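Biologist: Can you walk me through this one? I'd like to start with how the strands go together.

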Amino acid sequence: MAVAASRWQKLMQRSLSGNLPNEIVADILLRLPVKSLIRFTCVCKAWCTLCGDPKFTELQFKHGIANHRGCLLLRHLSDTEGQFVPWRTLNAGSYYIAAICGSLLCPEKHWKADEVFSLRNGGTFQEISKVEVPILSKTGHYSIVGSINGLICLIESHLTCPAFGLRIYLWNPATRECRALPEHYINQWNNLLLVLGVGFGYLSTTNDYKVVRIITAFNFETKVEVYSVSTDCWRSLETNIQCQMTQIYDYRSAVFMNQASHWVATDDANYSFILALDMVNETLYTLELPNDGGKRQSWHRKLAVLMESLLICIFDPSNMAGTWSIWVMKDYGVPESWTKLYKVGTETMIPAGLVDEGEFMLIKNSWLVSYDPILEKVKNLQVFHPTHLFRYIESLVSPRG
């Protein structure tokens, strides 16, 4: 596997591996884990330059995909030994957020538990390793927005009231490099934003990463803002989003495909639909949900991607047991192409994600379980209170562009 000529090749002539062809050295390094490559940057200047070369970074990631190095990145709570603690023990920032969200919380106590980020085998779900975010969150918790090309987008959040997002970060768990996105407020007098929706995407045509957020502040209008890694700044989009939606079901639930971020949103009549933002043209558009999926009683919906097609899980509690159905949009943008894959009548379980083998990750009584829709088999994965589950492949991609 040859790497195109670049600045590192001249340096290779004087390196310790100068007696080997450059292509062979690069091909050997491509097969190594990112952790080893980071250590090898200290071997010589040529190897350090090579590992920072954009072409080598691209080939290393593609090699990981071809050799099935992918795994699952899971965010969950440590165990069931968390405890309720009085609000007076919280710091001022956490107390302020809790006071605003008092209708959602116990007025005097809140649940305190440590969050854990871990990498899991996509087939067996065995833990490979735990990973630590290098920057401590002011709220003590993060929400994962998305995972693309080895980069993770994180947003600070409160455990019980996550809609009040603070700082946003781009993080590479393999290299431990983390970048804080610039803080941007609607105006100079306001520093508390209610995040209605946030998404993370990658544009291959420009090799640029973008973060989009739909925000509002008390007594101010809802706005859509886009951050670009290449420019390192936020921009407000000219769009009348308030005419299209009143609420996004789960602000962290955006799915990125077809160069767009997708959320499940509702309008003034409590009718649900898919709200999408094209990150190339930076325009909003909507997609219809399948059949009765937009009705109010279908209260839980989860978007995912299955073999490059948009997928949605819809839970309908209209009967005692509750049922949930799985639909896939075979022809993107065409509502008539929604096709029901499965309909499952089972006890209440909330969809949490989809793994490559076709099994679904569900939350049952605060525990993560896997469900095989063909065999109708449920397996407890012994993970308490999972909140985020993403596919992940390690890479050398820098969050700084």
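Modeller: Strands (E, at least two residues) and helices (H or I, at least four) are DSSP runs, numbered from the N terminus. This is a predicted model, where local features need pLDDT of at least 70 and side-chain atom pairs count only at 80 or more, while totals for chains, interfaces and linings use all residues. Residues are numbered from 1 along each chain as its sequence is written, and side-chain values use heavy atoms, without hydrogens and water.

Biologist: OK, how many bridges join β1 and β4?

Modeller: Six, with β1 (residues 71-77) and β4 (residues 115-120) running antiparallel. Opposite Leu72 you'll find Arg120 in β4.

Biologist: What's the strand order in that open sheet?

Modeller: β5-β4-β1-β27, with antiparallel pairing. β5 (127-131) and β27 (386-392) are at the edges with a single partner strand each, so one side of each has no neighbour in the sheet.

Biologist: Switching topic: which residues have the most contacts inside the largest nonpolar core?

Modeller: Phe56, Phe117, Leu154 and Trp171, in a core of 29 residues. A nonpolar core is a set of buried (under 20% relative accessible area, 1.4 Å probe, protein chains only) Ala, Val, Leu, Ile, Met, Phe, Trp, Tyr and Cys residues joined through side-chain atoms within 4.5 Å.

Biologist: And which helix gives the most to it?

Modeller: Helix α4 (residues 45-51), with four residues.

Biologist: Where is pLDDT under 50?

Modeller: Over residues 80-111, for one. pLDDT is the predictor's confidence in each residue, from 0 to 100. Where it is low, the predicted coordinates should not be read in detail.

Note on methods:
Contact = heavy atoms within 4.5 Å. Pairing = 2+ DSSP bridges. Buried < 20%, exposed > 50% of the residue type's maximum accessible area, 1.4 Å probe, protein only.
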